[in-house]
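Dear colleague,

Please find below the structure that I am handing over to you. My notes on what was found in it follow directly after.

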Amino acid sequence: MDITITTEQYKKAYNFANCSVKTNEDEYAKRNQKNVSKITSDILTGKIAEYAVYNLLVSKGKACSEPDIAIYDRYSKSFDADLYSDGKKVHVKAQTVESSKSFGSSWSFQKQDILTFNPSSDDYICLCQVNGLEVKIMSFKEAKFYINKYKDPVLDKLKGIKKVLYLNDIKNT
């Protein structure tokens, strides 16, 4: 399913990414990621996907919180859901089409994220692929569905830090 975000939503996502990158640099450095333009791009990609999922849920008549564009200090980051919809906690994961071509369709999670080992029954994960303002929903399921499908990342520098869902491991189940 393809969803397009509005230009206004893109501007909000872009401003958020550029304003929040400074509060994220330390966390990314712990994960062996130091390229500021890549970090900004990752944040932008994630926020675009959040807006798309928000648009999808609202278009289906669901009550849904808007994507959070507040800037938090580095000590206030969390694994909280990105969106809340009809009593469900929606965790949005995004990957660009370019990244998919390089690494395969996959979505990264922090190894210590409870979604990877003990999600609650109201946790849902939406896996997205972003191409500009267009977002394709690749999978949207209860988080428990994915529990035995996490693998180590392809990149050695992320092993032991991240867990990854690969589309090939989930698409036929």
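**The sheet**

Lys 89 stands opposite Asp 123 in S5. This is a predicted model, in which local features need pLDDT of at least 70 and side-chain atom pairs count only at pLDDT 80 or more, while totals for chains, interfaces and linings use all residues. Residues are numbered from 1 along each chain as its sequence is written, and side-chain values use heavy atoms, with hydrogens and water left out.

Helices (H or I, at least four residues) and strands (E, at least two) are DSSP runs, numbered from the N terminus. Two strands are said to pair if DSSP finds at least two bridges between them. Strands of a sheet pair through backbone hydrogen bonds, either parallel or antiparallel.

S3 and strand S5 (residues 123–131) are paired in the parallel sense, over eight bridges. S5 is also joined by eight bridges to strand S6 (residues 134–142), and these two run antiparallel; here Leu 127 stands opposite Ser 139 in S6. Strand S2 (residues 83–85) and strand S3 (residues 88–96) are antiparallel, with three bridges between them, and Leu 83 stands opposite Val 90 in S3.

Taken as a whole, five strands form an open sheet of mixed pairing, in the order S1-S6-S5-S3-S2. Strand S1 (2–4) and S2 are the edge strands, each pairing on one side only. On average, neighbouring strands of this sheet are turned by 35° against each other, direction ignored. Such angles are taken between axes, which are lines fitted to C-alpha atoms (for helices over the stretch in contact), and run from 0 to 180 degrees between N-to-C directions.

**The turn at Asp 86**

S2 and S3 form a hairpin with two residues between them. Most residues other than glycine have a negative phi, and most peptide bonds are trans. Asp 86, which lies in the loop between S2 and S3, has a positive phi, near 50°. Its relative accessible area is 46%, so Asp 86 is partly exposed; buried means under 20%, exposed over 50% and partly exposed in between (1.4 Å probe, protein chains only).

H2 lies across S1, S2, S3, S5 and S6, and runs at about 130° to S3. Ile 48 is placed in this helix, H2 (residues 36–59), and counts as buried because its relative accessibility is 4%. Not counting residues up to four places away in sequence, Ile 48 touches Ile 5, Tyr 10, Ala 13, Val 130, Gly 132 and Val 135, where contact means heavy atoms within 4.5 Å. Ile 48 and Gln 9 are 39 residues apart in sequence, and their C-alpha atoms are 7.6 Å apart in space.

A nonpolar core is a set of buried Ala, Val, Leu, Ile, Met, Phe, Trp, Tyr and Cys residues joined through side-chain atoms within 4.5 Å. The largest one has 26 residues, of which Val 53, Cys 128 and Ile 137 touch the most other members. Helix H1 (7–30), H2, S3, S5 and S6 each supply at least two residues of this core, and H2 gives the most, with eleven residues. A second, separate core of eleven residues includes Leu 127, Tyr 146, Tyr 150 and Leu 167.

**Aromatic pairs and cysteines**

Rings of Phe, Tyr and Trp (its six-membered ring) pair if their centres lie within 6.5 Å; planes under 30 degrees apart count as stacked, over 60 as edge-to-face and the rest as tilted. By this rule there are three aromatic pairs. Phe 109 and Tyr 150 have ring centres 5.2 Å apart and planes at 85°, so this pair is edge-to-face. The pair links distant parts of the chain, 41 residues apart: Phe 109 is in strand S4 and Tyr 150 is in the loop between S6 and strand S7 (162–166). Both Phe 109 and Tyr 150 are buried. The rings of Phe 145 and Tyr 146 are likewise edge-to-face, because their centres are 5.0 Å apart and their planes lie at 85°. Phe 145 is partly exposed, at 26% relative accessible area, whereas Tyr 146 is buried, at 0%.

A disulfide is a pair of cysteine sulfur atoms within 2.5 Å, and the count by this rule is zero. Cys 19 counts as exposed at 51% relative accessibility, and Cys 64 counts as buried at 17%.

With kind regards
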